[in-house]
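Hi everyone, thanks for coming. Let me put the structure up, and then we can walk around it together.

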Amino acid sequence: MKSNKIAIFAILLWVVTVAVFITFFIRGNTVSGTDNRTAIVLKAGERELVLNEMRGLLATTQGIVEGLNQNDMKRVAQAAQASGMASAADVNPALMAKLPLSFKSLGMSVHHDMDDIAKAAAEGKPTAELQKQLGNTLAKCVACHSAWQIKAE
Ligand code: HEC
């Protein structure tokens, strides 16, 4: 009887641990933000890393727009590639764990889009098509920025 209780307790403890882990995995390290957004709490260095990646995305956007304007598809492809999936591959697991699941999937889909834009440019797709792709991607930038902010610990 006693060992039965211990077994039930152990299982409960396991369930709670898994539940906490899953909750953290989905929610990341977040608190209510100051401006109706949700704040992701990161170490100062981690925040700088994410913001640095963001400035890379802005530079990529500028490169794509400029390349399209000059009808320079090589420039478009290079600019887009710089923010492709490969650029996100080396983010450390401790930081990844703090980012909410929906944030990560939105972020990854933007990197994916950039690879698609690079591919479309390399294939010589028409400017209007590339502009449409970029517009769809920018909608994701806007959606994410309206939902999240990043706070340093
Ligand atoms: C998955 C979410 C997400 C996506 C997608 C995203 N951003 Fe951000 N970005 C953020 C967050 C969060 C911040 C910090 C905002 C804050 O703390 O107020 C930020 C900040 C920035 C900054 C400010 C950087 C600095 O040094 O302060 C720029 C520029 C930026 N993003 C550009 C972009 C561009 C361009 C795109 C799309 C091509 C993009 N971002 C896509 C979440 C995202």
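Asn71 is exposed, because its relative accessible area is 56% (exposed is over 50%, buried is under 20%, and partly exposed is in between, with a 1.4 Å probe and protein chains only). The phi of Asn71 is positive, near 55 degrees, although the residue is something other than glycine. You'll find Asn71 in the loop between α2 and α3 (73-81); helices are DSSP runs of H or I with at least four residues, strands are runs of E with at least two, and both are numbered from the N terminus.

Before I go on, a word on what you're looking at: this is a predicted model, where local features need pLDDT of at least 70 and side-chain atom pairs count only at 80 or more, while totals for chains, interfaces and linings use all residues. Residues are numbered from 1 along each chain as its sequence is written, and side-chain values use heavy atoms, with hydrogens and water left out.

Asn36 also has a positive phi, about 70 degrees, and it is not a glycine. Look for Asn36 in the loop between β1 (30-32) and β2 (38-42). With a relative accessible area of 82%, Asn36 is exposed.

Now for the metal. Which residues are the protein donors of the iron atom of the ligand? They are Met54, through SD, and His145, through NE2, at 2.0 to 2.2 Å from the iron (donors are N, O and S atoms within 2.8 Å of the metal, or 3.2 Å for Na, K and Ca; water is not among the atoms, so sites may look incomplete). The iron has six donor atoms, and the angles among them run from 86 to 178 degrees, an octahedral site (six donors, with opposite ones over 155 degrees apart and all others between 65 and 115). Met54 sits in helix α2 (residues 44-69) and His145 in helix α7 (residues 127-147), so this pair ties together parts that are 91 residues apart in sequence. Met54 is partly exposed at 27% relative accessible area, and His145 is partly exposed at 47%.

Next, another histidine. Is His111 buried or exposed? His111 is buried, at 3% relative accessibility. This residue belongs to helix α6 (residues 101-122). Apart from neighbours within four places in sequence, the contacts of His111 are Glu53, Ser83, Gly84, Met85, Ser87 and Ala88 (contact means heavy atoms within 4.5 Å).

On to charges. The whole structure has six salt bridges (a side-chain nitrogen of Lys or Arg within 4 Å of a carboxyl oxygen of Asp or Glu). One of them pairs Arg75 with Glu66, with the closest N and O atoms 2.7 Å apart. Arg75 is partly exposed at 27%, and Glu66 is partly exposed at 30%.

Glu123 has two partners to show you. Lys119 bridges to Glu123 with the closest N and O atoms 3.6 Å apart, and Lys125 bridges to Glu123 at 3.1 Å. Through these shared partners, Lys119, Glu123 and Lys125 are joined into one network. Lys119 is exposed at 53%, whereas Glu123 is partly exposed at 46%.

Conventions: Four donors count as tetrahedral if all angles lie between 85 and 135 degrees; four count as square planar and six as octahedral if opposite donors are over 155 degrees apart and all others between 65 and 115; anything else is irregular.
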